[in-house]
Amino acid sequence: MLLLEGISQTAADAFATAGYSDIRRFEKALPVAELHRELAEAHIVGIRSRTQLDAEALSHARRLMAIGAFCIGTNQIDLAAAKRAGVPVFNAPYSNTRSVAELVIAEAILLMRGIPAKNAQCHRGGWSKSAAGSHEVRGKTLGIVGYGHIGTQVGVIAEALGMHVVYHDIESKLALGNARSAASLDELLARSDIVTLHVPETPATRMMFGAPQIATMKPGAHLINASRGTVVDIDALARALHDGRLGGAAVDVFPVEPEGNADAFQSPLCGMDNVILTPHVGGSTLEAQANIGAEVAAKLLRYSDNGSTLSAVNFPEVTLPEHAGSNRFLHIHRNVPGVLSAINEVFSSRGINIDGQYLRTDPDLGYVVIDAAPDREQAGQLREALARIEGTLRTRVLY
Ligand code: NAI
């Protein structure tokens, strides 16, 4: 196992507990030549966002069985090339849900109290001790746009603080607690004291929040965006904040973000006292890192020990029961006609009964799992016969 970029100790612990002792760990991403050398030996590789697993890198990884992206995104991996090599990729898209939700709630409270401006004033030597424009969140209405993993968590915590929660989603969603689905986005905007955005980046959400939506919000209401930078028309938001149409905003994500910590950050919102600006850290906590480590390690172990590919990002998904009492043969192949019958022929021609068989395909790839109980010698022969089938990418036997 090759774990790069300082992947959390929780992952290494999970592998060690499961009996995987040959683990090579590196604190940083490796230079390309060293990466290629290490990949040549690895059965499983774990990376974060800096290691580029492109087609060239993957061509060195002849033994590779699975990739763990110990982060949210998988842009750093050539998913199609991994798939062509029969290698599933796992990530942890929801491990930082709670971290984002906590930040949003904190920002809602700070905005309702006018703390961003008061904080800025104090730093400049000013003093404006006054209750004017300062409110509790209890009894106020929070409007959640996008009632998914994060949106629902925000709603649950907001209700615990005594807030009324309304939400808008394009899918029909079960309301948690006393949350209520708004009749429309406009109704939500017109009712809410604070609006928080939790939609994904899609063609439909690109710039979905601009001058018309701001004009529909209550005068003096607050906007929080910790979703994606492209969702909000940032110039329209800056105008509304400058004019006092909106009371304040908290923004964690931007249409253009610096590449790295050494690069300068620029935004029309810079310098505005009523705005909380954060550098895309909504999900960045040590707890989220630990959760990511545990979640991706669990998915890799499940694939390695059991064959399940549930939630793989580039692979047909198969959820499998335990296989006590039988061997499990895994066969990954190009999705071409005749492979399944050839697989069955390998077993039937040797008179070996199949206890269970699972098949998932997508247009490019087929993944067949066969439970059977041959003796150890036969199992080896079966695997060799399976590997000879035209179109085979990878085979494995779990004893
Ligand atoms: P999710 O997929 O669980 O939920 C998104 C919800 O938005 C779904 O219920 C979906 O039906 C809904 N939706 C999609 N299009 C919509 C539309 N046009 N109008 C209304 N609702 C719509 O996603 P999750 O995990 O809750 O993440 C939400 C956002 O937060 C994503 O954009 C994600 O990239 C971002 N995020 C930001 C982080 C940060 O550090 N600031 C960390 C983690 C996630």
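I144 has its bridge partner, Y167, in strand β7 of this predicted model. That pair belongs to the contact between β6 and β7. Strand β6 covers residues 141-145, and β7 covers residues 164-168. The two strands run parallel and are joined by 5 bridges.

Now step back to the whole sheet. β6 and β7 are part of an open sheet of 7 strands with parallel pairing. Read across, the order is β8-β7-β6-β9-β10-β11-β12. The edges are β8, at residues 180-181, and β12, at 275-277. Each has a single partner strand, so one side of each is left without a neighbour in the sheet.

A helix packs on this sheet. Helix α10, residues 234-243, touches β10 (222-225), β11 (248-251) and β12. The direction of α10 makes about 145° with that of β11.

Which residues place polar atoms by the ligand's oxygen and nitrogen atoms? Take K173, V199 and D252. An N or O atom in the side chain of K173 is 2.9 Å from a ligand oxygen. V199 uses its backbone instead: a polar atom there is 2.7 Å from an oxygen atom of the ligand. D252 has a polar side-chain atom 2.9 Å from a ligand nitrogen. On its own, the ligand has 870 Å² of accessible area, and the protein covers 86% of that.

Notes. Residues are numbered from 1 along each chain as its sequence is written. This is a predicted model: local features need pLDDT of at least 70, side-chain atom pairs count only at pLDDT 80 or more; totals for chains, interfaces and linings use all residues. Side-chain values use heavy atoms; hydrogens and water are left out. A polar contact is a pair of N or O atoms within 3.5 Å; within protein, one must be able to donate a hydrogen and the other to accept it, and residues adjacent in sequence count only if both atoms are side-chain atoms. Accessible areas come from the Shrake-Rupley method with a 1.4 Å probe; for residues, only the protein chains shown count as cover. Two strands pair if DSSP finds at least two bridges between them. Helices (H or I, at least four residues) and strands (E, at least two) are DSSP runs, numbered from the N terminus. Contact means heavy atoms within 4.5 Å. Axes are lines fitted to C-alpha atoms, for helices over the stretch in contact, and angles run from 0 to 180 degrees between N-to-C directions.
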